[in-house]
Amino acid sequence: LNTPISVSEVAGLAGGYLIVTAIGAALAWLATPRSPSATRRGVVGCVILGNNGNFGLPIALLALGQAGFDQAIVLFLVSVVVVFTVGPALLGAKESLGQAMLTVLKLPVSWALVAAPLIRLLDIALPVGVTRGAAMLAGAAVPMVLVALGVQMAHSTTLKPSPPTALAVLLRVIVMPLVAWGVAVVLQLPALTTASLVLCWA
């Protein structure tokens, strides 16, 4: 609610993220012309669906400070919508697009994404207990996602490298940050917004 981020910054971050997502999906699909459909969809998913929550938020706070962390939250919210809409279609989930959107609506972050701008625009003063509780939860967010990331890594299994895996890693780690930088330059985004967008895809 108190995040000092403007509407233009939100628009630039969201628009840039969606454009980079579309470009990344196209590159991943074109780079695997002879692979089976399931493999191609898997590569596309690995390239465009990142861990912008557990992994991205702490890194953004460390690398870019509080201002970068605020922008990383915006990118995380946009990525949540992408994950729960594009993700099921790519990774073979049986639920329809409508069911995927219903899943998005059930997420607390989706409601927060709608409520927070309204509260700020209408200049509604929330009770001290609510704001103090929200501040405590915000302070605990980064440590908790780091704990969750550690639990996920502890339960991860050893994967055998394969050409599609190597291609997905190459695209995600090397190509996508360059694509994000190029999109930021074309959109003429400010330096911090550019850094946040590139870091999100790094």
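**Terms and values**

Tutor: Helix α2, residues 37–48, has twelve residues and reaches 17 Å from its first C-alpha to its last, close to the 16 Å expected at 1.5 Å a residue. This is a predicted model, in which local features need pLDDT of at least 70 and side-chain atom pairs count only at pLDDT 80 or more, while totals for chains, interfaces and linings use all residues. Residues are numbered from 1 along each chain as its sequence is written, and side-chain values use heavy atoms, with hydrogens and water left out.

Student: How do you know what span is expected for α1, residues 7–30?

Tutor: The expected span is 1.5 Å times one less than the number of residues; α1 has 24 residues, and its 35 Å is close to the expected 34 Å.

Student: What makes a residue of α2 buried?

Tutor: Buried means under 20% relative accessible area (1.4 Å probe, protein chains only), and Arg40, Val43, Val44, Gly45, Val47 and Ile48 of α2 are buried.

Student: Why is the set of 26 residues called a nonpolar core?

Tutor: A nonpolar core is a set of buried Ala, Val, Leu, Ile, Met, Phe, Trp, Tyr and Cys residues joined through side-chain atoms within 4.5 Å; the largest has 26 residues, and those with the most contacts inside it are Tyr17, Val20, Val47, Leu197 and Trp201. Helix α7 gives the most to this core, with seven residues.

Student: Which residues is Tyr17 in contact with, beyond its neighbours within four places in sequence?

Tutor: With contact meaning heavy atoms within 4.5 Å, the partners of Tyr17 include Ile48, Leu75, Leu197 and Trp201.

Note on methods. Helix = DSSP H or I, 4+ residues; strand = E, 2+ residues; numbered from the N terminus. Buried < 20%, exposed > 50% of the residue type's maximum accessible area, 1.4 Å probe, protein only.
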